Structures are given as structure tokens and as C-alpha cells.
Amino acid sequence: WTEVEDLLKRYDSKLDIHISGDILWIDNFEVAKTLRKQGTGTTLVRSIENAARSNGIKRIRLWVANTGSGRSHHFWEVMGYSYDDPDGADWYMSKQL
């Protein structure tokens with residue numbers, strides 16, 4: 001997790017997680033506004049996924065806020081995450097690692 005922590009500091013971004021069994025929950029993920037749309041989020045998520053795999057995590061789950069713009073939903077879909085609820089009503093997404 002050291003690499004993830006270093007990247008978060010470098011990019012002035014935030015991440016809160018908790019682990020339940022072999023599932024890592026992303027409770028909060030926020031890329032600094034000045035660094036959005038520059039690949040920073042992609043770099044951070046890949047680092048999180050690599051650290052999770054290295055620590056025996058099998059799945060990452062998260063709840064995506066409905067901010068109205070849909071950008072966060074699109075970001076997670078591009079990163080390979082899909083809705084746990086087929087109709088997307090609960091806004092939970094996950095990815096098998």
C-alpha cells in the first residue's frame with residue numbers, strides 16, 4: 001500500500017477503504033480537481049488494484065454517487081467496473097481482480 005499512499009500524496013488526492021474478507025471497499029476516492037481528465041485517476045486506480053491483488057483481494061466494490069453528470073459512472077465503467085444491480089438502481093459497482 002506504500003505505492004498507493006505515495007501516489008495519493010503526490011497527486012493531492014484522497015482514498016478511504018475498508019477490507020471485508022477478500023473484498024476491498026472503496027468508501028471515498030477523490031482526485032484533486034486540478035488533476036482530473038489527465039490520467040491521474042486511472043493511474044491511482046491501477047495502483048490500488050495492483051496493491052489489492054498483492055494482498056489477496058479478489059474483488060473491489062464501491063458506491064458511485066449520482067452527481068448528475070454521470071462522469072464518475074463512466075470513469076468506473078472504463079476502468080472495467082460493472083453494476084452489481086442490473087438496473088443500476090443502487091449505484092454499486094465492482095470488479096473481479
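Student: Which residue in β3 is the bridge partner of W25?

Tutor: The bridge partner is R61. Before going on, note that this is a predicted model, in which local features need pLDDT of at least 70 and side-chain atom pairs count only at pLDDT 80 or more, while totals for chains, interfaces and linings use all residues. Residues are numbered from 1 along each chain as its sequence is written, and side-chain values use heavy atoms, with hydrogens and water left out.

Student: How many bridges join β4 to β5?

Tutor: There are two, and the strands run antiparallel. One of the residues involved is Y83, whose bridge partner in β5 is M93. Two is just what the definition asks for, so β4 and β5 count as a pair.

Student: Which other pairings are there, and in what sense do β1 and β2 run?

Tutor: β1 and β2 (residues 23-30) are antiparallel, with seven bridges; S20 stands opposite I23 in β2. Between β3 and β5 (residues 92-96) there are five bridges, again antiparallel, and I60 stands opposite K95 in β5.

Student: Why is the pairing of the sheet called mixed?

Tutor: Strands of a sheet pair through backbone hydrogen bonds, either parallel or antiparallel. This open sheet has five strands in the order β1-β2-β3-β5-β4, with mixed pairing.

Student: What puts β1 and β4 at the edges?

Tutor: β1 (14-20) and β4 (82-83) each have a single partner strand, so one side of each has no neighbour in the sheet.

Student: Which residues of β3 are on its covered face, and which on the uncovered one?

Tutor: I60 and L62 form the covered face of β3 (residues 59-63), while R59, R61 and W63 form the uncovered one.

Student: How do you know whether α1 is parallel or antiparallel to α2?

Tutor: Helix α1 (residues 2-10) packs against α2 at an angle of about 165°, with the axes 9 Å apart. Axes are lines fitted to C-alpha atoms, for helices over the stretch in contact, and angles run from 0 to 180 degrees between N-to-C directions. Under 35 degrees counts as roughly parallel, over 145 as roughly antiparallel, 65 to 115 as roughly perpendicular and the rest as oblique. The angle therefore makes α1 roughly antiparallel to α2.

Student: Which residues make this contact?

Tutor: Contact means heavy atoms within 4.5 Å. From α1 the contact has E3, V4, L7 and L8, and from α2 it has T43, L44, S47, I48 and A51.

Student: Why is I48 called buried?

Tutor: A residue is buried under 20% relative accessible area, exposed over 50%, and partly exposed in between (1.4 Å probe, protein chains only). I48 has 1%, so I48 is buried. This residue lies in helix α2 (residues 40-54). Leaving aside neighbours within four places in sequence, I48 is in contact with W1, V4, L15, F29 and I60.

Student: Is S47 buried or exposed, and what decides it?

Tutor: S47 has a relative accessible area of 5%, so S47 is buried. With neighbours within four places in sequence left aside, S47 is in contact with E3, V4 and L7.

Student: What makes T42 fall into its class?

Tutor: T42, also in helix α2, has 21% relative accessibility and so counts as partly exposed. Beyond neighbours within four places in sequence, T42 is in contact with F75 and M79.

Student: Where is K37, and what is its phi?

Tutor: K37 is in the loop between β2 and α2. Phi of K37 is near 65°, positive in a residue other than glycine. Relative accessibility is 83%, so K37 counts as exposed.

Notes: Helices (H or I, at least four residues) and strands (E, at least two) are DSSP runs, numbered from the N terminus.
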